[in-house]
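Hello,

Please find the structure we talked about below. My notes on it follow.

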Amino acid sequence: MMARQSLLPRWMHRLYAKFRGYFWLPCPICGRPFGGHEKGGTLLRDVFNGWMVCRGCTDEAERRNRRNGFIPPPWRRISPIGPTA
Ligand SMILES: [Zn+2]
């Protein structure tokens with residue numbers, strides 16, 4: 001099942017991200033732009049690094065993480081850019 005998307009229009013999310021200093025980047029799975037405040041899942045690249053994904057792709061990211069053998073530690077905030085960000 002797909003996670004429900006926010007009811008707010010995308011341009012409002014974009015403005016919110018801009019003014020609150022959150023990132024605004026395309027989701028690595030579906031390519032849909034989303035903001036750092038939207039708190040989707042994490043697609044892991046290895047045990048310690050990964051990309052945030054949009055809410056709609058949270059389930060898919062978890063499937064891929066499991067398939068790749070990665071379990072995201074729940075306490076960790078992972079940068080959308082990577083380890084050098
Ligand atoms: Zn997505």
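**Notes on the model**

Asn65 counts as partly exposed because it has 18 C-beta neighbours inside 10 Å. For that label, a residue is buried if 20 or more other C-beta atoms lie within 10 Å of its own, exposed if 12 or fewer, and partly exposed in between, with C-beta atoms placed from the backbone. Asn65 sits in helix 2 (residues 58-67).

Residue numbers start from 1 along each chain as its sequence is written.

**Confidence**

pLDDT is the predictor's confidence in each residue, from 0 to 100. The average for the chain is 82, and 75% of the residues score at least 70. Strand 1 has the highest confidence, at a mean of 95, and strand 3 the lowest, at 89. Where pLDDT is low, the predicted coordinates should not be read in detail.

**Layout**

There are two helices and four strands in the chain, in the order α-β-β-β-β-α from the N terminus. Helices (H or I, at least four residues) and strands (E, at least two) are DSSP runs, numbered from the N terminus. The chain has 85 residues, of which 21% count as buried. Two residues are in contact if their C-beta atoms, placed from the backbone, lie within 7 Å. Of the contacts in the chain with a separation of 6 or more, 37% are between residues 24 or more positions apart.

**Core**

A nonpolar core here is a set of buried Ala, Val, Leu, Ile, Met, Phe, Trp, Tyr and Cys residues joined through C-beta atoms within 7 Å. The largest one has ten residues: Cys27, Phe34, Leu43, Leu44, Trp51, Met52, Val53, Cys54, Cys57 and Ala61. Strand 3 (42-44) and strand 4 (50-52) are the elements that give two or more residues to this core. Val53, a core member, is in contact with Cys27, Pro28, Ile29, Gly40, Gly41, Thr42, Leu43, Thr58 and Ala61, leaving aside neighbours within four places in sequence.

Tyr22 lies in the loop between helix 1 (10-20) and strand 1 (24-26). It counts as partly exposed because it has 17 C-beta neighbours inside 10 Å. Leaving out residues up to four places away in sequence, Tyr22 touches Ala17, Gly35, Gly36 and His37. The C-alpha atoms of Tyr22 and Gly35 are 6.3 Å apart, and the two are 13 residues apart in sequence.

Leu25 is in strand 1. With 16 C-beta neighbours inside 10 Å, Leu25 is also partly exposed. Its C-alpha is separated by 9.5 Å from that of Met52, 27 residues apart along the chain.

Pro33 belongs to strand 2 (residues 33-35). It has 13 C-beta neighbours inside 10 Å and therefore counts as partly exposed. Beyond its neighbours within four places in sequence, Pro33 is in contact with Trp24, Leu25 and Pro26. Pro33 and Arg14, 19 residues apart in sequence, are 8.5 Å apart from C-alpha to C-alpha.

Regards

Terms used
Predicted model: local features only at pLDDT ≥ 70, side-chain atom pairs only at ≥ 80, totals over all residues.
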